[in-house]
Every structure is written in structure tokens, then in C-alpha cells.
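Please consider the sequence and the structure first.

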Amino acid sequence: MSKIKIKNSKQKIADILLKIGCVNINFKKKFTLTSGKKSPVYVDCRKLISFPKEREIVINEMTKLIKSKYKKRIIVAGGETAGIPYSSFVSHKLKYPMVYIRKHPKGFGKGKLIEGEFKKKSTSILIEDMATDGGSKLHFINSLRNNALIVKDIYVVFFYKIYPIAKQNISNMKVNLNYLASWHDILEVSPNYISNKEQLKLEKYISSIEDGK
């Protein structure tokens, strides 16, 4: 079988995630996703932070995406915990201020949900490692808005983009979800990494989820 060539930036990111082992496929023992759903596939973008060369490519793509929309300085916000390293990398690259959002207020001091310095009515973006159905981002978005920060965009490395409920969840938050790669991009390059049998199983599974089965 001839090797599939990388044609665009989304395929490039998908290829990186496959190459360094962020993409996990196991049809015998299902994984539990952040959303609580059970799945034979799981993408672990936390692993990416241990690979400097590949991480740099990913961060460059994300900052390029951000700069194409935001020409002026904004606040980069990371969600606890996986979003914190990515927001750090992005804010350092762009030389923008950063804050991070706790899942729960700390039980001492000021009991803040947002750590860092910011001015009210400032424009911010939420950075996360990934999104499954988008529902877990609601707390972070509400925390930013409850602290008088303006947020209209979420940026993630990977978006599952297969759950029908995701579109509604994102719409309810009144945000845009920007991503570097999805399962559709994985499917385009995964034949370079898995057998034909596994590829067919993967394609069938992704299709069944999109159809709501």
C-alpha cells in the first residue's frame, strides 16, 4: 500500500497525533471520555506536551489561527488542567497576557476561580487541549463571562466533531469552536498507521456515532 501524502495543515496535525501515540484505538476495552461517554477511541493531547518538536508545530498552527482573527492583544485563558500548558505556550508565543480558570474555587485566600491579572470587559479566548461534545467547556466560558471578560472563541488542538449534540452545546455557549484537527482528519491519514481491518472498524464506528446510533 502506498503511503498517504499529507495535503493540508489539519492532516499535518492529525499525522503528528498518530505518530507520537496520542490517538488510542481499542475496540475490546472502551475508554471513558471527559464527557463521561464510553468510546473505543480516545485522543490524549496531554501527551503532546512531552514532544517539543511536534508541540512547536502544533502551537505555531494554533497561534496562526488566533492571529488571523485577533489583530490586537487579548487575554489567553486556559482551563484547569489540560488547557493550562497550551495557554502558556500560546501566550508566550504571542506575548499576550494569560490567566487560568479553576474547576472549583480554592478553599482558602480569595477563593477565586480565575487566577491572573485582567481588566474587566477585556477580550479573551479559551484554550483547551481538546473537545468531545463541547459540554465540558461551559464552566470555563461562564467563569470568564461572570468575571466580566468577553469571550467568543475556543481554540483546541483536537475536536472529535462526531457527536451530534456538539453543535447545540457550542451554539448554547454562543462561541465559535476552532480546532486544528478532528476525527475526519485522523481517518484521512490513519491508513499510514493501522491495518486495513482496523481502518474499516474505525470508519464504521465514526459513521455510527455521527448517525446517532
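Lys 95 is found in the loop between helix 3 and strand 6; helices (H or I, at least four residues) and strands (E, at least two) are DSSP runs numbered from the N terminus. Its phi is near 60 degrees, a positive value in a residue other than glycine. Lys 95 counts as exposed because its relative accessibility is 58%, where exposed means over 50% relative accessible area, buried under 20% and partly exposed in between, with a 1.4 Å probe and protein chains only.

The model is a predicted one, in which local features need pLDDT of at least 70 and side-chain atom pairs count only at pLDDT 80 or more, while totals for chains, interfaces and linings use all residues. Residues are numbered from 1 along each chain as its sequence is written, and side-chain values use heavy atoms, with hydrogens and water left out.

Lys 121 lies in the loop between strand 7 and strand 8. It has a positive phi of about 70 degrees although it is not a glycine, and with a relative accessible area of 69% it is exposed. Most residues other than glycine have a negative phi, and most peptide bonds are trans. The peptide bond from Glu 80 to Thr 81 is cis, with omega near -5 degrees, and Thr 81 belongs to the loop between strand 5 and helix 3.

Within helix 3 is Ser 87, which counts as buried because its relative accessibility is 0%. Apart from neighbours within four places in sequence, Ser 87 is in contact with Val 76, Ala 77, Gly 78, Met 98 and Ile 127, contact meaning heavy atoms within 4.5 Å.

How do the helices pack? Two packed helices are described by the angle between their axes and the distance between the axes. The axes of helix 2 (residues 52–69) and helix 3 (residues 83–94) come within 10 Å and cross at roughly 65 degrees; axes are lines fitted to C-alpha atoms, for helices over the stretch in contact, and angles run from 0 to 180 degrees between N-to-C directions. Helix 2 and helix 3 are therefore roughly perpendicular to each other, given that 65 to 115 degrees counts as roughly perpendicular, under 35 as roughly parallel, over 145 as roughly antiparallel and the rest as oblique. Among the residues that make this contact are Ile 59 and Ile 66 of helix 2 and Phe 89 and Leu 94 of helix 3.

Helix 1 (residues 9–19) packs on helix 2 at an angle of about 150 degrees, with the axes 11 Å apart. Helix 1 is therefore roughly antiparallel to helix 2.

In helix 4 (residues 138–146), the buried residues are Phe 140, Ile 141, Ser 143 and Leu 144. They cover an arc of only 160 degrees around the axis, which puts them on the same side of helix 4; the arc is that of the directions from the helix axis to the C-beta atoms. What covers these residues includes strand 8 (123–131), strand 9 (150–159) and helix 5 (165–173).

Helix 5 has Ala 166, Asn 169, Ile 170 and Met 173 buried. Its buried residues fall within an arc of 95 degrees seen down the axis, so they line one face of the helix. They pack against helix 4, strand 9 and strand 10 (176–182), whereas the face turned away from the buried side carries the exposed residues Lys 167 and Asn 172.
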